[in-house]
Amino acid sequence: MRVFWIGFGIPFAISLLFPLAIVLSLPARTKPTRWIQNSPPFSIYMLSAFPIAVGVFCVTVGNFNNVFEANTLGSASLLWIAIAALLVLSAFGSVIVVHDFISRPLGPYVLRRQLATEAFRLEMELRASWTSKSTEVDARCGDYQKLIQFNSLRNVFKRGNPVAFVYLIIAWGATMFVIFFFWYVAVIILSAHTIPPKTISSLLLVFLLLTTWLPTRIHMDWYQGYFHCPDWLRRSYAFWLGIFMAIASFFFVVFIVKPEAIVIYCTGINAAVFSFVGLTGTFKPEWLRAVAEFFQATPFTYFAAAYTVILFVTVIIGLRILQG
């Protein structure tokens, strides 16, 4: 259990930097807590599902470490090729993280104080008039998008505040873990070792916990884009990727792997959520908007209480898997 808590504690502690950076960097008049509440990939996922996934994965690797033997893939040369592939994927993932950060408009919370003042003013104006369609509103939307988009890594250092750098550090660290996880699973599949059923169930749980990032990212995309980008949902890569992964993982887990009941339950919930989001976003987008607006309008104390429940449940699920 010590391995689990170490694996859980390190990403949890690093992720705490995000809400702390927002509270310390933003003036009170901008209501910093709303940016914490409406950035669930950092305020919910990175403080609950992700550290649980890291903890479970660390225990799994400790219990089944044959993958790191020199003859795992039949020869030492193939293992070195796998390690080279891991390095290439890590470099590619780093590029994706930076590109995702600088290529899309973000909230004013990532700008330095003097630059953020104008962005916060425009943001509130556009949120108040987002249903209006006029040339003037479109022009202000364009100004807002230019103001909150970095376009280059150099601009991040020039215009970004501590939140921007914490955002990048957390996103990069999470991406590196995801890359290593899928690399590890691929090596296991290609290896000649017999994989214990317990290891399969644990890795599936890690995968399912990782996919819960997708709906949290969709909400963040909505909050940061609905008032100045009408087609924010269609442009959300997390939306389309989430629908595919949820449905594919459901059929793979239930009908092919046939793991423990608790993993099937988690998979079913995950697939059901994305099916609802996908169908609702296609046929009744106003319902999806109502759900998102209810979430973002919830008082922060209620949000904190709900998060505590989520954290408690995810910890219990993780411990349940580890204890068998």
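Skip its neighbours within four places in sequence, and F18 is in contact with S39, F42, Y109, V163, V166, Y167 and I170. Contact here means heavy atoms within 4.5 Å.

A quick word on the source. This is a predicted model, where local features need pLDDT of at least 70, side-chain atom pairs count only at pLDDT 80 or more, and totals for chains, interfaces and linings use all residues. Residues are numbered from 1 along each chain as its sequence is written, and side-chain values use heavy atoms, with hydrogens and water left out.

Back to F18. Which group does it belong to? F18 is among the residues with the most contacts inside the largest nonpolar core, along with F101, Y109 and F150. That core has 69 residues. Helix α10, residues 162-190, gives the most to this core, with 16 residues.

A nonpolar core is a set of buried Ala, Val, Leu, Ile, Met, Phe, Trp, Tyr and Cys residues joined through side-chain atoms within 4.5 Å. Buried means under 20% relative accessible area, exposed means over 50%, and partly exposed is in between, using a 1.4 Å probe and protein chains only. Helices are DSSP runs of H or I with at least four residues, strands are runs of E with at least two, and both are numbered from the N terminus. As background, nonpolar side chains in soluble globular proteins tend to be buried together.

Now to the surface. Which residues form a nonpolar patch there? They are I6, I10, I14, L16, L17, L20, V23, L24 and I169. Together they have about 840 Å² of accessible area. Two elements give two or more residues to the patch: α1 (2-15) and α2. Helix α2 gives the most, with four residues. L16 lies in the loop between α1 and α2. At 34% relative accessibility, L16 counts as partly exposed.

How is a patch defined? Patches are made of residues with over 30% relative accessible area and no salt bridge; like charges are joined within 9 Å, and nonpolar side chains (Val, Leu, Ile, Met, Phe, Trp, Tyr) within 5 Å. The areas come from the Shrake-Rupley method with a 1.4 Å probe, and for residues only the protein chains shown count as cover.

Next, salt bridges. The rule is a side-chain nitrogen of Lys or Arg within 4 Å of a carboxyl oxygen of Asp or Glu. How many salt bridges does a search of the whole structure find? Eight.

Take D100. D100 forms a salt bridge with R104, and their closest N and O atoms are 3.3 Å apart. D100 also bridges to R217, at 3.1 Å between the closest N and O atoms. D100 lies in helix α6 (residues 76-102) and R217 in helix α12 (residues 213-225), so this pair ties together parts that are 117 residues apart in sequence.

R217 has another partner. It meets D221 in a salt bridge of 2.9 Å, N to O. R217 and D221 are four residues apart in helix α12, so about one helical turn separates them.

R104 is buried, at 14%. R217 is buried too, at 10%. D221 is buried, at 14%.

K31 has a positive phi of about 55°, although it is not a glycine. K31 sits in the loop between α2 (17-25) and α3 (32-37). At 57% relative accessibility, K31 is exposed. N151 also has a positive phi, about 75°, and is not a glycine either. N151 lies in the loop between α8 (135-147) and α9 (153-159). N151 is exposed, with a relative accessible area of 53%.

What about cysteines? A disulfide is a pair of cysteine sulfur atoms within 2.5 Å. By that rule the count is zero. C58 is partly exposed, at 28%. C141 is buried, at 9%.

One last stop: R121. R121 is in helix α7, residues 113-128. R121 is partly exposed, with a relative accessible area of 40%. R121 and Y144 are 23 residues apart along the chain, and their C-alpha atoms are separated by 9.6 Å.
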